[in-house]
Structures are given as structure tokens and as C-alpha cells.
Amino acid sequence: MAVYCNHSAVLLSPSTASSSSSSLVGFPRFQTLLFKSRSLYSKSRVSPVSALQPSSRSLEALIFDCDGVILESENLHRQAYNDAFSHFDVRCPPSSSASLDWSLEFYDKFQNLVGGGKPKMRWYFKEHGWPTSTIFDSPPQNDDDRAKLIDTLQDWKTERYKEIIKSGSVEPRPGVIRLMDEAKAAGKKLAVCSAATKSSVVMCLENLIDLERFQGLDCFLAGDDVKEKKPDPSIYITAAEKLGVSVKDCLVIEDSVIGLQAATKAGMSCVITYTSSTSDQDFKDAIAVYPDLSNVKLKDLETLLQTIVTAA
């Protein structure tokens, strides 16, 4: 296994490499100290007799996740939730002296434990007490009223999130646009596969990568387009079929272990560009881990895919 930094490689024994990568992935500060601004972990699958040969993979399609990869969205969602709680004066528990406010530290953990906006609120209110609000003066007692509360909050939060994205204050994550343009110029297939709802992803892409790039994608799939969401591999398998490319020649860029699992279950190689809320996750099955894409070139990804080694 080789750990690469900039233009040099440091070769480690399998045991040393394993312990080094597992201890560093969760600590971006240490990565920065050891590998300057760019960290890359290349993982080899070693047979018992160490009989290794290069794989036949070549980069034909580059597939991006959206939330966390194209934009660091979770803090924007958190902001929109807190704005909704403030707008409706949601007090949870009801005895609180101020409206509910989810802290950054709390939400970083929470958003990786409970998926979806409505399930998040339902879980939180069950744990901490159904709130008072301007929607209901007293905590809702029956399922219909509780559903109405959550639906109202979620609808308002969604519109607020759209306002934030459209405000012009949100930028794509570093290196994303350049890497997309490099791939397109090199004749690679380009796709976006997101577990979010289609309307939300379309709105994000049109505002962040611009309409022309969005319309130039060779494939675009959202959570609405498949029956099962990540970590199920359906979305990536469907993308390969639509692109007309073998799964082994696709490279996925994800930010979380859930996305990584979806890609690897589909038979695709995956690199990780983590965020503050996913930096401590276990990315052992990724072929590379980056803090962002600012120093990652298309040729780097092509070399990665071509030099994966497999058991003979």
C-alpha cells in the first residue's frame, strides 16, 4: 500500500499502512501536517501469496454525488431548520425560554444518524417532547396534528433552503467545477447521482454549476428515480446502464460512508472528499481520501483507477 503526497510516494508495510490510514482518516489536522494540503490513501487488495497484477480498469465515466460533494449542504439545511423553528416559535421542550436551535456540533452527528427532514424532526420531538409553536399553542397530542406540525415545518424549511441556495452566497466546493470541465473536455462521461429529491437537486445544480453544465451532463439521477436509496447500489447501477459504461470503468466521488457503500456494492471504485460532518467515518474501502478536490486533477484520478491492484 502506498500513501501519496504531492509528487512523492511513501511505501509502508501492510500492517503499518493499515494502522496509519485508519488512524488518520478521522483526523484532518494530522493529515494536513503529514501530507500538507493533499492526502491520498491508495488501498491494495493483497492475496495470501501476494500475487498481484494491474487491473484493466480505465476511467470512462466520472460520477458525482451532490450534497457534500458539489456543495457542503448540511450546514445550510441546519440553518433552514433553525429559521423554521424561529419563524414558528417552536419550543422544545415546551418549557424552553427560546425557540429550538440545533447547534453545529449536534447537527453534524444527528444528520448522519437520522435521514430525511421529516424523520429528523419526528425523532427529535419524540425524544425531547412535542413542542409548542404558533401552529399549535399546546403540544399536539394525536397523530394527525403531529403530522400537520411536521409537514408545515418541513414545507417552510424547504422554501427557506431554496432561498439560501438561490441567494448567490453559496459556492460549489473547491475543485468541483474545474474537475467537471476537465472530464468533459477529455471526452469522459459525466453524471450526478444524488439520494435527494429531484426538485431539490435540480435547483442546486442549476444555481451552483450553472444551467449549461447541468444540461451537458450525460446522466442525472435523483432519489426519485430508484426504488431504494443509498447505501443500496441501485442508483449507481442504473447510472452505468444509462451511460453505457461498465461499472468497473466508472469512478464515483462521494463524501460519506453511505455513499461509499452504494458505489462499492455497485462494483465501482470510489474516492472520498469528506466534510466536517463525515471526516471521522470509516473510509477503508475508498481508493483515495481527500479533504477537498482543489488539488485533484483528472489525470490523478485516471492514474488511480489504472493502478489499482487486484489479486491474480
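**Notebook: loops, a strand, a helix and a pocket**

Started with Pro 93, which sits in the loop between α3 and α4. This is a predicted model, so I'm reading everything below as computed. The peptide bond joining Cys 92 to Pro 93 is cis, with omega at about 0°.

I stayed in that loop for Asp 89, also between α3 and α4. Its phi is near 45°, a positive value in a residue other than glycine. Asp 89 is partly exposed, at a relative accessible area of 29%.

Next I looked up another cis peptide bond, the one from Lys 230 to Pro 231, where omega is near 20°. Pro 231 belongs to the loop between β7 (219–221) and α10 (234–243).

Then Asp 210, in the loop between α8 and α9 (211–215). Asp 210 isn't a glycine, yet its phi is positive, about 80°. I noted a relative accessible area of 33% for Asp 210, which makes it partly exposed.

On to strand β5 (residues 61–64). Which way do its side chains point? Ala 61 and Ile 63 go one way, Leu 62 and Phe 64 the other, and all are buried.

Strand β6 (residues 189–193) runs parallel to β5 and is joined to it by 4 bridges. Strand β8 (residues 250–254) is also parallel to β5, again with 4 bridges.

Helix α12 (residues 298–306) came next. I listed its buried residues as Leu 298, Asp 300, Leu 301, Leu 304 and Leu 305. They span an arc of only 160° around the axis, so they fall on the same side of α12.

I get 45 lining residues, with Asp 67, Glu 74, Gly 116, Lys 120 and Ala 196 nearest the centre. By class the lining splits into 11 nonpolar, 22 polar and 12 charged residues.

Which helix gives the largest share of the lining? That's α6, with 5 residues. Several helices supply at least two lining residues each, among them α3 (74–87), α5 (117–128) and α8 (198–208).

Why does the pocket lie between domain 1 and domain 2? Because domain 1 (61–72 + 171–311) and domain 2 (74–166) both give residues to its lining.

Terms used. Residues are numbered from 1 along each chain as its sequence is written. This is a predicted model: local features need pLDDT of at least 70, side-chain atom pairs count only at pLDDT 80 or more; totals for chains, interfaces and linings use all residues. Side-chain values use heavy atoms; hydrogens and water are left out. On a 1 Å grid over the protein atoms alone, a cavity is a set of points where a 1.4 Å probe fits but cannot get out, and a pocket is an open set with protein on both sides within 12 Å along at least five of seven lines; lining residues have an atom within 4 Å of a point. Ala, Val, Leu, Ile, Met, Phe, Trp, Tyr, Cys and Pro count as nonpolar, Asp, Glu, Lys and Arg as charged, and the others, Gly among them, as polar. Domain bounds come from an automatic or database domain assignment. Buried means under 20% relative accessible area, exposed over 50%, partly exposed in between (1.4 Å probe, protein chains only). The arc is that of the directions from the helix axis to the C-beta atoms. Two strands pair if DSSP finds at least two bridges between them.
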